[in-house]
Amino acid sequence: MNSRAENFYSLWRENSRAVGALRDENSVPPEKLLQAVWQHQRLRRGELKTADGKSVRVLHPGFISAEGGPDFRGAVLQFENEKPVSGDVEIDLQANGWHAHGHDVNPNFKTVILHVVWEHGQSPKSKAQSSFPVLALKNVLDATLTELALTLENESGLPENLRGKCSAPLQTLDETQLAELLHAAAKVRFQNKATAMLARAKHSGWEQALWENLFRALGYKHNVWPMLNLAEARPRWTRGADSAFAIQARLLGVSGLLPHELTRSQKSSDTFLRHAWDLWWRDRDEFSDCTLPCTTWKFHGLRPANHPQRRLALASHWLAAGNLAAKIEGWVLKNHSSPLIPALSPPRGEGEKLLSSLHEIFQVERDEFWSWHWTFNSERMTKPQPLLGEARVTDLAVNVVLPWLWIRAKEGGNEKILREVERRFFTWPAAEDNSVLKLARQRLLGTSSARILKGAAAQQGLMQIVRDFCEHSNAICDDCRFPDLVQTWKAPEK
Ligand code: SF4
């Protein structure tokens, strides 16, 4: 076989990127390349020493993070002969990046146990920029920077040797067995959600339990708690509010999300705000004890479409209509003529029909302001945008509507509805991908392809396995029983 230099394709590659810049021995690699070097451990691993002379053994480099905060989560390291420790790793080109990038004052970086840098700074002071060990990579690479750039540049997946210990036994399962396992885990997750709803319904009634869970789901991961706080006070702040706009004004006021200033640049926003304040002036003393401070909300990294102001507008329409719970109950009674046994491979198209039928129930025809604006500060759009997309309907279905219907049917002894809800759950199309699923697919199932998870239930099952096993172990799968359990479960099939 031709060497790389003789291979025309290798030459194309080399000539079409900026690797030439790395040929100089004083080159500084891009930070992305340094991250790839760390992830793939392209280092002389037996020679790693921190700036203060301690040896470092990398038992696991951690998992690259896509969500801000430190670059690698959950690394397992051993300094000298001490007990291995688990924590995060931050990668910067220079040691002074720790202060320069504000990591020293960012609480998300409190879990960092190693600061990996390209090289230490020139002065002795710069060696001690952070209060924990600093490791420089410049002199411990296992190849030249140019070679590393060529081999690592497109390696975004998890290296094979960093897969979880369960990856091998899971890959011996055939498609049906894998679906059966994921669905069994999904059922546990589903029933846990349903049981939590029952506990809440016993105190506050079925409808209130539904609203609390809908609001939680509208908070996504960052604003679950303020949304839940709002929902808990729903019987109070809905009283006397007789239109979607009146509910919206009150919700914005109680949530602390009604801006105190006009935008002075967006006429329609300022008109909305004036009207909302006209109503909220009268109410705000009465609700002062349940008004949330604006600081309870998190906006960092939020897409405008997911802004809580927009979500509250959506909820105000549901509340104003006054028949959401009844519509959901009617939805499950319709069209349940399909086989009652949950299918491991849902029929194509069936899930999509269910999704669009539930979407119809949750979709809001038009909001005079929010259909045309992403936020108060954004300009009026030329075309109206829906207040709820299908991806969010799937979240509502899997996390709220179906568990709520299921536990009601179970409590009421309605076996037919119970089976129908289960069938819908196992038929539901896949939800939007997320960072937990991405990592779990690579670590447990050995693939980055989302297609391996056929449907929302398989995704839920995988997330449950992460919660039950990965979250109780560490990156090197210490003491995890899952691989043995899979092996034993599979054994009778042989
Ligand atoms: S911790 Fe357990 S379940 Fe998670 S990847 Fe490792 S072996 Fe698999």
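Predicted model: local features only at pLDDT ≥ 70, side-chain atom pairs only at ≥ 80, totals over all residues.
Local features are described where pLDDT is at least 70, and side-chain atom pairs count only at pLDDT 80 or more, while totals for chains, interfaces and linings use all residues. Residue numbers start from 1 along each chain as its sequence is written.

View 1. Helices here are DSSP runs of H or I with at least four residues, and strands are runs of E with at least two, both numbered from the N terminus. Ala, Val, Leu, Ile, Met, Phe, Trp, Tyr, Cys and Pro count as nonpolar, Asp, Glu, Lys and Arg as charged, and the others, Gly among them, as polar.

View 2. Ser86 lies in strand 4 (residues 85-94). Apart from neighbours within four places in sequence, Ser86 is in contact with Gly74, Ala75, Val76 and Asn474. Contact means that two C-beta atoms, placed from the backbone, lie within 7 Å. Thr111 is 25 residues from Ser86 along the chain, and their C-alpha atoms are separated by 9.1 Å.

**View 3. Helix 7 against helix 8.** Helix 7 (residues 175-204) and helix 8 (residues 206-218) pack at an angle of about 130°, and their axes are 7 Å apart. Axes are lines fitted to C-alpha atoms over the stretch in contact, and angles run from 0 to 180 degrees between N-to-C directions. The two helices are therefore oblique to each other. Angles under 35 degrees count as roughly parallel, over 145 as roughly antiparallel, 65 to 115 as roughly perpendicular, and the rest as oblique. Helix 7 contributes Met197, Arg200, Ala201 and Ser204 to the contact, and helix 8 contributes Trp206, Gln208, Ala209, Glu212 and Asn213. These residues comprise 4 nonpolar, 3 polar and 2 charged.

**View 4. Helix 18 against helix 19.** The axes of helix 18 and helix 19 (residues 456-468) are 10 Å apart, at an angle of about 75°. These helices are therefore roughly perpendicular to each other. Val436, Leu437, Ala440 and Leu444 of helix 18 meet Gln459, Leu462, Met463, Ile465 and Val466 of helix 19. This contact has 8 nonpolar residues, 1 polar residue and no charged residues.
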